[in-house]
Amino acid sequence: MREDGPFEMAVHVLDAMAREGFEQLVALHDRRSGLRAFLGIHDTSRGPAFGGIRRFAYRDEKSGLLDCLRLSRAMSLKCALAGVRGGGAKLVVFDHPGLDLAGAYRHVGRCIEEQSGRYYAGPDVGTGWTELAWVAERTDYVTQAGERGPGDLAAATTAGVFAGIGAALRHLDGEEAWDRRTVVVQGLGSVGWRLAERLRALGTRVLAADLDDSVRDRARAELDVEWLAPGSELEAPCDVFAPCAMGGLLHDLSIQRLRSLIVCGAANNPLARSYHAALLEERGILYVPDIAVNSGAVIRGAEFHLQGRRTTLEEIESRVGRVVAHVLRTARAEGRSPFAVAHREAERRLHETGAAGDDEAADGSRTVAPVPVVPDEAR
Ligand code: NAI
């Protein structure tokens, strides 16, 4: 290896950070616990950065780093569209068999504490309440369960995804008609399971797939859905394909296999590349952008940390539903893809300066009274 090998990579990272407007990237290493992690803070111009801790067995360092950067940027865009007074961050932990989980998460907690409130951590793939409790031993800038937290975050995300599907169906057909629809759910985890339950309660036909056999067995016993062999869900004819597993699943080949009218789900970054939005459009599939539809958890988490309130699921449903409807309407009026419109609006909001419009959602609604810029007594 050339002597400057690792630094060569760092230079590319800095170029990418400059191009995409990242503020900070922290690399974490703890010999004792075996922790290897990256914390990416994309943007704090609207307020502190929010983002989950993802623990995953990444193939290599580069793929973990890219995931960290892509996900933290998406969080900033999501906050901007939803009218959350915050920005985006992500902490990715490289999972491996020798990792001392408790020690690693405590070390992560110390790093978050050092950020002094610039970053609030929450759950994500591989990090649930058990892991967050270890983080909370070292810092308060973390979302917690029960009385000390904002409430069920996956339920908040599900409420938003449900509202987004409803808005997309109304956009295409003028009505939801839940009992005449077929929805394919990919991934029956925290969000996919709740979504399937909600849809079944309305009489929707639900087809589901999950890679985990134990999930399949539990679903067969407890959930009234039709089971699909993992991999085959992409080509099942349906009204809505709801990706609720991992990102990157929609690419040149998989898009050709899709037989749905709408793609709308919880997964972050489901498009492998941004041009895949146009490919979906070409195939006549309405794609509801992730940054518009999966913001339920960050709305709930951020409003708890910043305003001390617990957002109800009804509020989230109505907020996300309005933002999705606005994005779809604007896209139709302008003859552009919803992806292009959502990203343009989010970027614009991100770069707007001043606090006045910060908590206004993309559809112009304002569900929370704005925090006064000038204190009352000074007016
Ligand atoms: P989870 O980890 O609870 O569930 C994911 C499920 O997908 C697991 O059951 C897993 O076995 C399954 N799976 C993984 N790869 C699969 C594949 N290729 N085919 C079929 N099944 C597969 O995750 P959760 O919390 O339900 O989140 C789902 C997605 O939504 C993730 O991409 C997450 O980043 C995103 N998201 C979740 C939020 C939340 O509040 N939980 C908030 C915003 C986004």
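Which residues of helix α4 (residues 129–136) are buried? In this predicted model, local features need a pLDDT of at least 70 and side-chain atom pairs count only at pLDDT 80 or more, while totals for chains, interfaces and linings use all residues. Residues are numbered from 1 along each chain as its sequence is written. The answer for α4 is E131, L132, V135 and A136. Here "buried" takes 20 or more other C-beta atoms within 10 Å of a residue's own, "exposed" 12 or fewer, and "partly exposed" is what lies in between, with C-beta atoms placed from the backbone. Helices (H or I, at least four residues) and strands (E, at least two) are DSSP runs, numbered from the N terminus.

Looking down the axis of α4, the buried residues fall within an arc of 145 degrees, so they line one face of the helix; the arc is that of the directions from the helix axis to the C-beta atoms. Contact, here and below, is called when the C-beta atoms of two residues, placed from the backbone, lie within 7 Å.

At the interface, 21 residues of domain 1 are in contact with 23 residues of domain 2. On the domain 1 side, the elements giving two or more residues are α2 (61–82) and β5, and α2 gives the most, with 11 residues. By type, that side divides into 12 nonpolar, 5 polar and 4 charged residues. The classes are simple: Ala, Val, Leu, Ile, Met, Phe, Trp, Tyr, Cys and Pro count as nonpolar, Asp, Glu, Lys and Arg as charged, and the others, Gly among them, as polar.

Beyond its neighbours within four places in sequence, L81 is in contact with I291, A292, S295, V323, A342, E345, A346, A361 and A362. By contrast, G248 sits 167 residues from L81 along the chain, and their C-alpha atoms are separated by 22 Å.

Then there is the ligand. It is surrounded by 27 residues, the closest being T157, G187, G189, A245 and A266; a residue is near a molecule if its C-beta atom, placed from the backbone, lies within 6 Å of it. α5 (153–173) and α6 (190–201) each supply at least two residues of this shell, which divides into 15 nonpolar, 9 polar and 3 charged.

Two loop residues have backbone angles worth checking. Most residues other than glycine have a negative phi. A177, in the loop between α5 and β6 (182–186), has a positive phi near 45 degrees and is partly exposed, with 14 other C-beta atoms within 10 Å. N269 also has a positive phi, of about 45 degrees; its place is in the loop between β10 (260–263) and α9 (276–282).

As for confidence, pLDDT (the predictor's confidence in each residue, from 0 to 100) averages 91 over the protein, and 92% of the residues score at least 70. Over residues 368–379 pLDDT stays under 50, and the model has 7 contacts beyond four places in sequence for them.
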